[in-house]
Amino acid sequence: MATCWQVLWAYRSYLIAICLPIFLLPLPIIVRTKEAYCAYTIILMALMWCTESLPLAVTGLFPIVLFPLMGIMDASEVGVEYLNDTNVLFIGGMMVAVSVEHWKLHKRIALRVLLLIGVRPALLLLGFMLVTAFLSMWISNTATTAMMVPIGHAVLEQLQGSQKDVEQGSDNPAFELQEASPQKEATKLDNGQAVSASSEPSTQKTQEHSRFHKGLSLCICYSASIGGIATLTGTTPNLVLQGQMNSLFPQNGNVINFASWFGFAFPTMIILLTLAWIWLQVLFLGFNFRKNFGFGEGEEEQKKAAFQVIKNQHTLLGPMNFAEKTVTVLFIFLVVLWFTREPGFFPGWGDTLFANENGQSLASDGTVAIFIGLIMFFIPSKFPGLTQDPNKPGKLKAPPAILTWKTMNDKMPWNILILLGGGFALAKGSEQSGLSAWLGEKLTPLEHIPPAATAFILCLLVAIFTECTSNVATTTLFLPILASMAQAICLHPLYVMLPCTLASSLAFMLPVATPPNAIAFSFGGLKVSDMARAGFLLNIIGVLTITLSINSWSFPIFNLDKFPSWANSNTSHCFPSLPNSTEPGL
């Protein structure tokens, strides 16, 4: 019997993938409507995403097959959703991010900021959080965490090593930061066990260093998730929201763009990052703020040694080369173009030079990102940089471009591109099948609940759901339903869609909740209970911060006090000209 159960467990993914479609078949067989067919597809994909019986991207391909065969959408219409403007923005943003990462510009920025902030315990935590959050605004959260965690542990090991040397009267050689190797990983696993070191003169010091290691690891992975919410391209759920808005409300007038998103999400990120720093400092360093900020502790040797580690690594990078300078200039140019394309509060270059008949910009944020990405293929990484071709003696070889196709192809997350497309296809199918309208009618009793309470409850629900499900899958499933609900009860759709999108990034409690958490956990020293204890309150803080932002400065940015005309449907009877009850305090 035990052998039979072992076989079933080994084949569980295959069994789930085969049995789920069969188990759900009564729905489309008994209820022969397009709404039921679309509901079958959504429920099937939701369960597949939750169980991960198939890769997330593979499940994202289901609409290409199911929607045409069920008569919900034409195959050509479904295919368009897999490379719409939001996916183009994702590709362009990743091209720039890959270039920044390839030329190690992100490491130079990180080390430089840490040199400026210093290595006092509380400031060290703040420094790593600021650097990680800033980098996560522009490049992958996973890549940022993978780079910052080894740097953080190298600095802390130097601090701990210096303490031993000062007490034992020996000299400590400079610690050289290296990439994690299998041997080093094994050492970390051994050190992660609860065994007291005989060389440590004080058990209290050992516990303090252990808590500091845990705190720094969590600071890095949490700030990577928090930093990603600040920009439209910072994390994938933000792009899911933009794509869903453009798919469900094509006449929305580009209400979600880089500038409007930044104006709303950046202050939210700053507040949440500050509160997270305070909470993690109290949890892992204690309430002795004088000691946390390194005053009067007589540990200057440790701080100097840790500072030297950062300085040595910065020195090893050498001066900025031509490629790094070029990427820096192009990156700044990209951000400026994004902010000034269609800012809203003054005429931008997009709606002035490239306007359509309605005065709106023909160029999108995706156009700008692809433009900068293409330029990187035209510029050599060295100038002049000619070298002798080893394969053809006597002939000169030109240097590679700033961005090559091999580099882009190796580091581009194509699976996320497919996953995004599947989500956009689901949203479009829900609209065309009539499922969105049906859901909206069923959700009309919610209009008697205060809008602020509705947004808070939904935000909390998404924050809980995203702990065990991909944040992309979470937003993909929730946003079309929330849009239908908002239309039914005459709420501005963004009043519920914005906070739930941000809440999907609040995956702080479990190592499997998000890749940054898993990376921090893999370095040893952390227990699941440590992450759950720190993440639980941080989730609550995050939901409260998002609730504050959606009920305050988001109103003038997105005009949330009125039901927009572009959200009106044939089934809704809302009046766009009248103020809605989403005003703060109502």
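Predicted model: local features only at pLDDT ≥ 70, side-chain atom pairs only at ≥ 80, totals over all residues.
Which residues is histidine 314 in contact with, leaving aside its neighbours within four places in sequence? Numbering runs from 1 along each chain as its sequence is written, and side-chain values use heavy atoms, with hydrogens and water left out.

Back to histidine 314, then. Its contacts, meaning heavy atoms within 4.5 Å, are Arg108, Leu111, Arg112 and Leu115. Histidine 314 sits in helix H17 (residues 300-316); helices here are DSSP runs of H or I with at least four residues, strands are E runs of at least two, and both are numbered from the N terminus. At 19% relative accessibility, histidine 314 counts as buried. Buried means under 20% relative accessible area, exposed means over 50%, and partly exposed lies in between, using a 1.4 Å probe and protein chains only.

Now the whole chain. There are 29 helices and two strands, and 52% of the 586 residues count as buried.

On to the second largest pocket, at about 870 Å³. A pocket is an open set of points on a 1 Å grid over the protein atoms alone, where a 1.4 Å probe fits and protein lies on both sides within 12 Å along at least five of seven lines; lining residues have an atom within 4 Å of a point. The volume is the space filled by probe spheres set on the points, which are joined across faces, edges and corners. Of the 41 lining residues, Thr142, Thr236, Ile416, Asn471 and Pro515 are the closest to the centre. Helix H8 gives the most to this lining, seven residues.

Finally, the aromatics. Rings of Phe, Tyr and Trp (its six-membered ring) pair if their centres lie within 6.5 Å; planes under 30 degrees apart are stacked, over 60 edge-to-face, and the rest tilted. That rule gives 17 aromatic pairs. One of them, tryptophan 261 with phenylalanine 264, is edge-to-face at 6.1 Å centre to centre and 75 degrees between the planes. Why are these two about one helical turn apart? Because they are three residues apart in helix H15 (residues 258-285). Both tryptophan 261 and phenylalanine 264 are buried. Tryptophan 349 and phenylalanine 354 also make an edge-to-face pair, 6.1 Å centre to centre with 85 degrees between the planes, and phenylalanine 354 is partly exposed at 44%.
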